[in-house]
Amino acid sequence: MKHFVFLLLLLPAFSGFSQLLNKDVKSNYPTRYYFESQRMEMFRSLVSNDAFLPTPLGTRADELALKAWSHQIGICMGLSKNFYLDGAVSWMQNAEAYAFAAQDSDSTFAYQTRYRYLALPLQMKVTFGEKIKFYSGLGLVPALYQGYRQDFQWSNALGAKYDDQIKVNNAMNSFTLSWLCSAGFEADLDNNYSLRLGVLYRSQLNNSYSPYEDYIHKSRGWGLNFGVSKNL
């Protein structure tokens with residue numbers, strides 16, 4: 001139900017944007033639909049939630065970055081010669097990792113944590129060029145929490161290996177908001193198709209966890225995006 005309400009609230013915005021596509025805009029700056037994948041190097045900021053209860057970070061202070069995939073479908077709507085709106089629906093992931101290896105034995109311990117969201121990234125972009133169009137953009141990414149997965153691997157002092165997985169985390173905030181910037185280019189192909197390549201940076205503005213948890217967690221990361229668009 002919350003997903004339906006979330007999308008319903010955003011329908012007026014997308015409806016308003018579509019009304020901007022008058023005949024002249026459609027003729028000179030055709031609407032483009034696209035599919036895109038993003039390979040991100042994700043990390044996080046993590047501090048004690050002192051407003052609730054001061055808590056040491058412990059081993060979490062040594063967490064590492066982790067690569068994660070995100071995928072989205074979207075629409076680019078021309079507003080003028082050099083500006084357009086890029087709105088999308090995204091299956092988005094944030095992530096971090098941890099790894100420990102004892103120096104005097106075969107004992108190890110590691111985990112990889114992934115947070116999954118249904119997101120609606122929206123960017124204002126500026127572009128220039130003809131057959132190869134360069135762009136840069138800035139925008140916001142509202143997202144609804146969808147799932148959590150933490151994979152564990154460890155070994156004992158004799159080298160015996162084990163693994164486990166956790167898929168439930170009741171401490172998560174149901175909504176997050178991030179800001180996003182991007183740059184790249186689109187190269188025209190045959191039959192109204194274009195190849196999209198670029199780089200992006202995403203940084204979360206609010207806490208991933210609920211207000212009464214031990215920590216304030218905000219994901220951030222950078223990566224590459226690539227995809228295909230089609231003019232209509």
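Tutor: Start with a cut-off: a residue is buried when its relative accessible area is under 20%, exposed when it is over 50%, and partly exposed in between. Arg196 has a relative accessible area of 1%, so it is buried. Its strand, E9, is the part to look at.

First, the setting. The model is predicted. The protein chain has two helices and 10 strands. Along the sequence the order is α-α-β-β-β-β-β-β-β-β-β-β. Of the 232 residues, 41% are buried. Among contacts with a separation of 6 or more, 70% join residues 24 or more positions apart. The mean pLDDT is 89, and 88% of the residues score at least 70. Confidence is lowest in helix H1 (residues 2-19), with a mean of 52. It is highest in strand E4 (residues 108-119), at 97. Where pLDDT is low, the predicted coordinates should not be read in detail.

Now the approach to the strand. E9 covers residues 193-204. A loop joins strand E8 (175-188) to E9, and Asn191 is found there. Asn191 has a positive phi of about 60°, although it is not a glycine. Its relative accessibility is 63%, so Asn191 counts as exposed. Asn192 is in the loop between E8 and E9 as well. Its phi is also positive, near 70°. At 48% relative accessibility, Asn192 counts as partly exposed.

Next, the charged side chain of Arg196. Side chains of opposite charge can pair when their charged atoms come close. Arg196 and Glu186 meet in a salt bridge, 2.8 Å from N to O. Arg196 lies in E9 and Glu186 in E8, so the pair ties together parts 10 residues apart in sequence. The structure holds 12 salt bridges.

E8 has another residue worth a look. Ser182 is in this strand. At 11% relative accessibility, Ser182 counts as buried. Its side chain makes a polar contact of 2.7 Å with the side chain of Gln123. Beyond its neighbours within four places in sequence, Ser182 touches Gln123, Lys125, Tyr135, Ser136, Gly137, Val199 and Leu200.

At 4% relative accessibility, Arg202 counts as buried. Its side chain reaches the backbone oxygen of Gln93 at 3.1 Å. Arg202 and Leu140 are 62 residues apart in sequence, but their C-alpha atoms are 9.1 Å apart.

Gln93 is the other end of that link. It is in strand E3 (residues 83-101). At 5% relative accessibility, Gln93 counts as buried. Leaving aside neighbours within four places in sequence, Gln93 is in contact with Met42, Ala68, Trp69, Ser70, Arg114, Tyr115, Arg116 and Arg202.

A nonpolar surface patch of about 570 Å² is made by Trp69, Leu189, Tyr193, Leu195, Leu197, Phe226 and Val228. E9 gives the largest share, three residues. E9 and strand E10 (215-231) each supply at least two residues. Leu197 is found in E9. It is partly exposed, with a relative accessible area of 31%.

Arg202 reaches Gln93 through a polar contact to its backbone oxygen. Leu197 takes part in the nonpolar surface patch.

Key. Residues numbered from 1 in each chain as written. Predicted model: local features only at pLDDT ≥ 70, side-chain atom pairs only at ≥ 80, totals over all residues. Heavy atoms only, no water. Helix = DSSP H or I, 4+ residues; strand = E, 2+ residues; numbered from the N terminus. Buried < 20%, exposed > 50% of the residue type's maximum accessible area, 1.4 Å probe, protein only. Contact = heavy atoms within 4.5 Å. Polar contact = N/O pair within 3.5 Å; in protein donor to acceptor, adjacent residues only side chain to side chain. Patch = residues over 30% accessible without salt bridge, like charges linked within 9 Å, V, L, I, M, F, W, Y side chains within 5 Å. Areas by Shrake-Rupley, 256 points an atom, 1.4 Å probe, with all protein chains shown as cover. Salt bridge = Lys/Arg side-chain N within 4 Å of Asp/Glu carboxyl O. pLDDT = per-residue confidence, 0-100.
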